[in-house]
Amino acid sequence: EPYREQYRRCLEQQFRGGRAGACSDASFGERLRQRLRLEPGVLGALQEDAPALLARALGGCPDPGPALRGLAGAFRLLELAAANLYLFPWRKEFGTVQTFSGAYVHSLRPALPEADLERSFGRLGYERRDRHRLAISRLPPGPELVAAACGFFACRLECEILAEVVLRLRPRRLRAEDLLEARQRAGDVEACVEMLRMQHEVATDCGDSVDLYREPPASPEDVGGEDAAPTAPWRDPSAQELPRRGWDHCGEGKLGLELVASTGNPDPDTSSSSRLFLEQEPRDLPPAAPQEAPELPCYQLHSCLRRGSLPSYCCTTCQQLHAGACAAGRACRNRHRGQELRGERQRRLWLQRTEVDMLLADGSAPWS
């Protein structure tokens, strides 16, 4: 891969020049940024799971702007971890990541779901040893570490590009899923901005009519009842100041990724960082909804739904509604994009909309 090879040369040139850490070559960064601006598919070529990673990280954020800034910082730390292992494979302090350290608690955990963090560190050879630390079990070969670092670097640049799109569309408020879909469908950044602008204008023209295809947030009375699930408020990762002595601290003889010493076993339950460790936020699948487009998708009722029963889950990948106990619905929750339908009003609206879809598609009586 040309970009991976260029990235490797940048790291090694920095190292020979007495500098270590994440890539700081402005020229290389700008070349890759311009390529990503024109061809978003390059991101998936450099990091296969990047689109899904961004979707899970941004799912449910009320404003993707601050979230993207925090996410860019998290990808920089992951890049730094990979670069340090590549440049300093013999340094024992890089062999353990303490999950109650300041950088992990304040920068990584607020930006990425815990499962994605473990998978990302797993690419670097880390495995969870206990609930407070990840440790190297097998150091990957140099080319794998370079590929991982370059992928995280590309993710960081993509976050900055998406933040630029959000800024250009101010004061409009964008949903994260709309932003990500427009970015993939439109291609280059200018087309993405124009597509989102047109979507906003179409939505504005609809006025105050009831919209079955873009369900507004449920009212307090809608989310009540036995099926309601409490949700934790989303935190802005950029609102917390990064610790001065963290993974990205360089100087005074310390090169990158300063980790808590692995000797001894500090009790995190007695420290302030342990309280933050316990404040782990749930990360649900992004609440995707059908997009306003010239041709709206047609939804179907899965066979698990009986006459008179209300759906509990909408899979926007399969375009089907499922009951809460449906095995196929549980599989969709794990593999596909979709949203939980909470509150009787939201469920009835989706049921009515889907029955109309099926009637128009089949040219027959409503589903029964």
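1. H2 and H8 pass each other in a right-handed crossing (the near helix is turned clockwise from the far one by less than a right angle). This is a predicted model, where local features need pLDDT of at least 70 and side-chain atom pairs count only at pLDDT 80 or more, while totals for chains, interfaces and linings use all residues. Residues are numbered from 1 along each chain as its sequence is written, and side-chain values use heavy atoms, with hydrogens and water left out.

2. The axes of H2 and helix H8 (residues 142-168) cross at roughly 60° and come within 10 Å; axes here are lines fitted to C-alpha atoms over the stretch in contact, with angles from 0 to 180 degrees between N-to-C directions. Helices are DSSP runs of H or I with at least four residues, numbered from the N terminus.

3. Asp 25 sits in the loop between helix H1 (2-16) and helix H2 (26-38). Its side chain reaches the backbone nitrogen of Phe 28 at 2.9 Å. Beyond its neighbours within four places in sequence, Asp 25 touches Cys 10 and Gln 14.

4. Is Asp 25 buried, partly exposed or exposed? Asp 25 is partly exposed, because its relative accessible area is 26% (buried is under 20%, exposed over 50%, partly exposed in between, with a 1.4 Å probe and protein chains only).

Conventions:
Helices (H or I, at least four residues) and strands (E, at least two) are DSSP runs, numbered from the N terminus. Contact means heavy atoms within 4.5 Å. A polar contact is a pair of N or O atoms within 3.5 Å; within protein, one must be able to donate a hydrogen and the other to accept it, and residues adjacent in sequence count only if both atoms are side-chain atoms.
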